[in-house]
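Hi,

Here is the structure I promised to pass on to you. Have a look at it first, and then read my notes below.

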Amino acid sequence: MTMKLYQLTIHQAHQLLRKKEITSLELVKSVFERIDQTEPKISAYNELRKEAALKESEQFDRKIKEGKFKSPLTGIPLGLKDNICSAGVRTTCSSKILGDFIPPYDATVVKKLKESETIFVGKTNMDEFAMGSSTENSAFKKTRNPWDLERIPGGSSGGSAAAVAADECLGALGSDTGGSIRQPAALCGVVGLKPTYGLVSRFGLVAFASSLDQIGPLAKDVTDAALLLNEISGHDPMDSTSSLRPSEDYLKALRPEVKGLKIGIPKEYLIKGIDPEIEKSVMSAVNLWKGLGAEVVEISLPHTPYAVATYYILATAEASSNLERYDGVRFGYRSSEVKNLNDLYEKSRAEGFGPEVKRRIMLGTYALSSGYYDAYYKKAQQVRTLFIKDFTDAFKKVDAIVTPTTPTPAFRLGEKVQDPLQMYLSDIFTISANLAGIPAISVPCGLSSTGLPIGIQIMGRYFGESTLLNLAYAYEQASGFHNQKPNL
Amino acid sequence: MKKLDSRLHGNDRKPLFQIKEKLASQLEQILNYVNQLNELDTKGVEPTSHAVLTENVFREDRLFPSLPVEAALQNAPQQEKGFFKVPKVIE
């Protein structure tokens, strides 16, 4: 079987573009042919921009012909999660309330990627307002897992993960508030990186929980994740929480040696209820690192069992406040039959938001209301302090912490929709990194006996992305699991 | 209570009492779950609002272009003479 262009990684495509063996137009055409073939089964995209993408690729080809590359992403087709604002291109958050919203400006990451001469294939499906772990909360469509069409792709960046896994783009951006990049990456068998809070600008990312949200890459391999992070990271005056640290070249972190690195395995993560196959995969990964010269020790993150509870108070509280702006006045959906202004607010919100978003607004409003504020919101903020201490203590002893990304492989569509709490618990391993603000990456770590991808998570110190990428790269190169592809 | 009813109902065609019952039981389940935080003694622990220490950020007091009015109004459900239009507020 000959290799199709859509199967290429970003770095492979870049090499071929440099050698003039392919053009960006051929690459983009190939991706859209793939989309024609697989998208009816996967439903990863809310919107495609074929004409514009083809035109852009021709423009870039003219420069490429002269050997001019603005970046290693020049002429590369990418997917963009539908909660990242793109000027002139509909950005819906997979919500009826933003169903016709066309942003008048670009998110900073979009601006940066345009300056890097990348090409956006389209906007990817997600759980409404990024609230969910299966992409089933989308108001528009159900995205399916390319490895098993009866199963969910994970969420909330399920469209981005499925699109990358199905070769419907070469890489994609997602957002991660409690695991929304890493969990779908793990369930779809791709690489997903949540950067340190503040490394990537959130300007133009539709806010869910502002103290937890981060944009990051979903990629076919670790090298591509590093390439994407190079382009999107860096200080942005438009985001007051954006870090002032000087930029780093993450490609330098891609070394096969891990000698001298110390990996911690938190005993609290190998909990009852975790799929034994997942535990086995993670332990064999740990042995692989050991074989490569890393030291492995057991550590303790004692507050781990409280992660989900803490998260669902803080995230919903922040969301209830952030989502107040959707009132049907300045933008977004407005109910058509209203008697007065109050009616307009109420009906627009009642008709515009889906059930999970309403549930979270109610929960968050409750946690913030006077009388309950101390018992819920303040309490959770205090527990968050304890979480951060867990990690600061641990990182005095180790350079990285390794855990499974998810407790089980992809579950079936419909399996958890009726039980929000069960759905929340599928984020149990990923939430801590958001609460602490530290970076974390999920890398493919083999397949279950049922043929479903398993992911392994590496968490690191603040701005320790290079250490994560080093470990992830060494593991990927030694295991070869990134080469496993779904049969579509 | 009537207000809450119309907010809950939205597009759902199910009878209101069914929606309410389901929501109440789901929220109760979630609240029961989050109540486990009370097992932890947090006396004297400082609350965290942002994990990565952030300082107040100042920018230079300098004008720069902002969104033009037409662009800001481009998504307005209803507009008139450069303003957002809403139903009459004062009866």
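Let's start with A:Gly75, which sits in the loop between helix H3 (50-65) and strand S2 of chain A. Helices here are DSSP runs of H or I with at least four residues, strands are DSSP runs of E with at least two, and both are numbered from the N terminus. A:Gly75 counts as buried because it has 28 C-beta neighbours inside 10 Å. The cut-offs are these: buried takes 20 or more other C-beta atoms within 10 Å of a residue's own, exposed takes 12 or fewer, and partly exposed is in between, with C-beta atoms placed from the backbone.

Before going on, a word on what you are looking at. It is a predicted model, in which local features need pLDDT of at least 70 and side-chain atom pairs count only at pLDDT 80 or more, while totals for chains, interfaces and linings use all residues. Residues are numbered from 1 along each chain as its sequence is written, and chains are lettered from A and ligands numbered from 1 in the order in which they are written.

Back to A:Gly75. Which residues does A:Gly75 contact, leaving aside its neighbours within four places in sequence? Among them are A:Leu17, A:Phe60, A:Ile64 and A:Ile119. "In contact" means that the C-beta atoms of two residues, placed from the backbone, lie within 7 Å. A:Thr406, on the other hand, is 331 residues from A:Gly75 in sequence and 34 Å from it in space, C-alpha to C-alpha.

Now compare A:His235, in the loop between helix H7 (222-232) and strand S7 (262-266) of chain A. A:His235 is partly exposed, because 15 other C-beta atoms lie within 10 Å. Its contacts, neighbours within four places in sequence left aside, are A:Ser242, A:Ser243 and A:Leu244. A:Pro246 is 11 residues along the chain from A:His235, and their C-alpha atoms are separated by 7.9 Å.

Next, the strands. Six of the six residues of S3(A) are buried. S2(A) and S3(A) run parallel and are joined by five bridges, with A:Pro77 standing opposite A:Ile119 in S3(A). Strand S1 (residues 45-48) of chain A pairs with S3(A) in the antiparallel sense, over three bridges. There, A:Glu47 has A:Lys123 in S3(A) as its bridge partner. To count as paired, two strands need at least two bridges found by DSSP.

Most residues other than glycine have a negative phi, and most peptide bonds are trans. A:Ser94 is not a glycine, yet has a positive phi of about 50°. A:Ser94 lies in the loop between strand S2 (77-81) and helix H4 (108-115) of chain A, and counts as buried with 32 C-beta neighbours inside 10 Å. A:Phe129 also has a positive phi, near 55°. You'll find A:Phe129 in the loop between S3 and H5 of chain A, buried with 29 other C-beta atoms within 10 Å. The peptide bond from A:Gly155 to A:Ser156 is cis, with omega near 10°. A:Ser156 is in the loop between strand S3 (119-124) and helix H5 (158-165) of chain A.

On to a helix pair. How do helix H9 (residues 307-322) and helix H11 (residues 355-368) of chain A pack? Their angle is about 100° and their axes are 7 Å apart. The axes are lines fitted to C-alpha atoms, for helices over the stretch in contact, and angles run from 0 to 180 degrees between N-to-C directions. So H9(A) is roughly perpendicular to H11(A), a label for angles of 65 to 115 degrees; under 35 is roughly parallel, over 145 roughly antiparallel, and the rest oblique. Residues that meet in this contact include A:Ile313 and A:Ala317 in H9(A), and A:Ile361 and A:Leu363 in H11(A).

Finally, chain B. It has three helices and two strands, in the pattern α-α-α-β-β along the sequence. Of its 91 residues, 5% are buried. The contact between the chains takes 40 residues from chain B and 49 residues from chain A. On the chain B side, the largest share, seven residues, comes from H2(B).
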